[in-house]
Amino acid sequence: MDRLKLKAVLGSHSHVQAAKSGALRSDLFDLDFIEYTPTNTAFKPMVREQAFDVCEMAIVTYLMAKAHGKPLVLLPATMLGRFQHSYALYNPARGMLGPSDLEGKRVGIRSFTTTTGAWIRGILANDYGVNLDKIKWVTFEDPHVAEYVDTAERAPKDKKVLQMLLDGEVDAVLGETSNDPRLKTLFPDPAAEAAKWYARRGVVPVNHLVVVTGKLAKSRPDVVAGVYDLLKRNKEQVGPAAMPDLVPFGTEANRKPLELIVDYAFQQALIPRRYAVEELYDETTRGLN
C-alpha cells in the first residue's frame with residue numbers, strides 16, 4: 001500500500017522528540033509536523049474541522065467532542081500528565097484563602113472546559129466538599145467544542161486573568177501558575193497535597209492524550225496502530241519512567257485516570273453521561289497496550 005503522509009501536531013515533549021525529528025520512523029507513514037504554540041491552540045481546529053490526521057488533545061476536549069459526535073478516535077498515549085494542585089492561585093494581600101473557601105467567590109479560568117480546570121474542580125468538590133455551583137466563574141475564551149454553551153461571566157476582552165487577580169477583580173484563578181511573589185497557591189503545600197491525593201486515589205491526572213480522525217481510523221487501522229507503536233517506541237527510548245509515570249501508555253495504564261476524569265466531567269455537566277473507558281476507543285485503539 002502507498003506510504004501515507006500524515007499531518008500531525010504534538011507538543012515539544014522529550015518523549016516525542018525522536019519521532020518529531022525523524023530519528024524514529026515508521027515503515028507505513030511519514031509524520032508531517034505542524035507547530036502550534038501553545039499546543040492547545042490546535043485543539044479547536046482539530047475538533048471543529050478535523051484539520052490534522054494525528055493531534056495531541058486535552059482529554060476533556062476529547063470527551064466533549066465525543067459527546068457531540070465529532071469523528072475523532074482516542075489513542076491511549078499520554079502526552080502530558082501532571083498533578084494539578086499547584087495550578088490554583090490567590091492574592092494573599094486581599095485575605096487568606098484556602099481550597100474550602102471558594103464558595104461565593106469569583107474565580108477566573110481561561111475557559112470553563114479546560115482539562116486542568118476540570119481536574120481541580122473535581123478535587124475541590126470531591127476532596128474538599130466545595131459546592132461548585134456556588135462559585136462565580138469568570139472565563140476568557142470560548143470552549144474548543146462549539147456546541148458547548150458557556151454560561152459563566154465573560155471577562156472583558158482587554159483583561160488578563162492574572163492581572164485581574166492582582167487587581168482584586170477575581171478572588172482566585174484555576175489553571176495558572178506564576179512566579180509573582182504577590183501570589184500564593186490555593187493549596188498551601190501543593191506537592192504534599194498532591195502526594196496525599198495520589199496515595200488516596202492512585203491516579204495520575206492525565207491532561208493531554210493523542211487523537212486521530214475517524215476517517216483515518218476507519219480507512220487505515222494499521223496506520224493508527226503504527227502511530228501508537230511509534231510513539232511508544234519513542235517513550236521507551238527516553239528510558240524508564242519516573243514513578244508514578246506521568247505519561248502512561250496503554251489502555252490499562254490509562255484506565256483509572258480516564259475513569260476519574262469522566263466522573264469529574266459528568267459531575268460538572270461537561271458531558272451528558274458517564275462513558276465506560278472502552279467507549280472512548282475504537283476496535284483498533286481499545287487493544288493497544
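A: Here is a walk through that domain, from its bounds to its sheet, its helix packing and its partner.

One caveat before we start: this is a predicted model, so local features need pLDDT of at least 70, side-chain atom pairs count only at pLDDT 80 or more, and totals for chains, interfaces and linings use all residues. Residues are numbered from 1 along each chain as its sequence is written, and side-chain values use heavy atoms, with hydrogens and water left out.

The domain assignment puts domain 2 at 88-201, while domain 1 comes in two pieces, 4-82 + 204-280. Those bounds come from an automatic or database domain assignment.

Let's begin with the sheet. Six strands make up an open sheet with mixed pairing, and their order is 8-7-6-9-5-10. Strands here are DSSP runs of E with at least two residues, helices are runs of H or I with at least four, and both are numbered from the N terminus. Two strands count as paired if DSSP finds at least two bridges between them. At the edges you'll find strand 8 (153-154) and strand 10 (184-185); each has a single partner strand, so one side of each has no neighbour in the sheet. The partner to look at for strand 10 is strand 5 (residues 88-90), which pairs with strand 10 in the antiparallel sense over two bridges. There, tyrosine 90 sits opposite lysine 184.

Now the helices. Helix 4 (residues 115-128) packs on helix 6 (residues 190-201) at an angle of about 75°, and their axes are 13 Å apart. The axes are lines fitted to C-alpha atoms over the stretch in contact, with angles running from 0 to 180 degrees between N-to-C directions. That makes helix 4 roughly perpendicular to helix 6, a label that covers 65 to 115 degrees. Helix 4 brings Trp119, Ile123, Asn126, Asp127 and Tyr128 to the contact, and helix 6 brings Glu193, Trp197, Arg200 and Arg201. Contact means heavy atoms within 4.5 Å. By type, the residues of this contact are four nonpolar, one polar and four charged.

Finally, the neighbour. The C-alpha centres of domain 1 and domain 2 are 25 Å apart, and 23 residues of domain 2 are in contact with 28 residues of domain 1. The two domains bury about 2200 Å² between them, with 61% of it on carbon and sulfur atoms. Buried area is the accessible area (1.4 Å probe) that two parts lose on being put together, summed over both.

Technical notes. Angles under 35 degrees count as roughly parallel, over 145 as roughly antiparallel, 65 to 115 as roughly perpendicular and the rest as oblique. Ala, Val, Leu, Ile, Met, Phe, Trp, Tyr, Cys and Pro count as nonpolar, Asp, Glu, Lys and Arg as charged, and the others, Gly among them, as polar.
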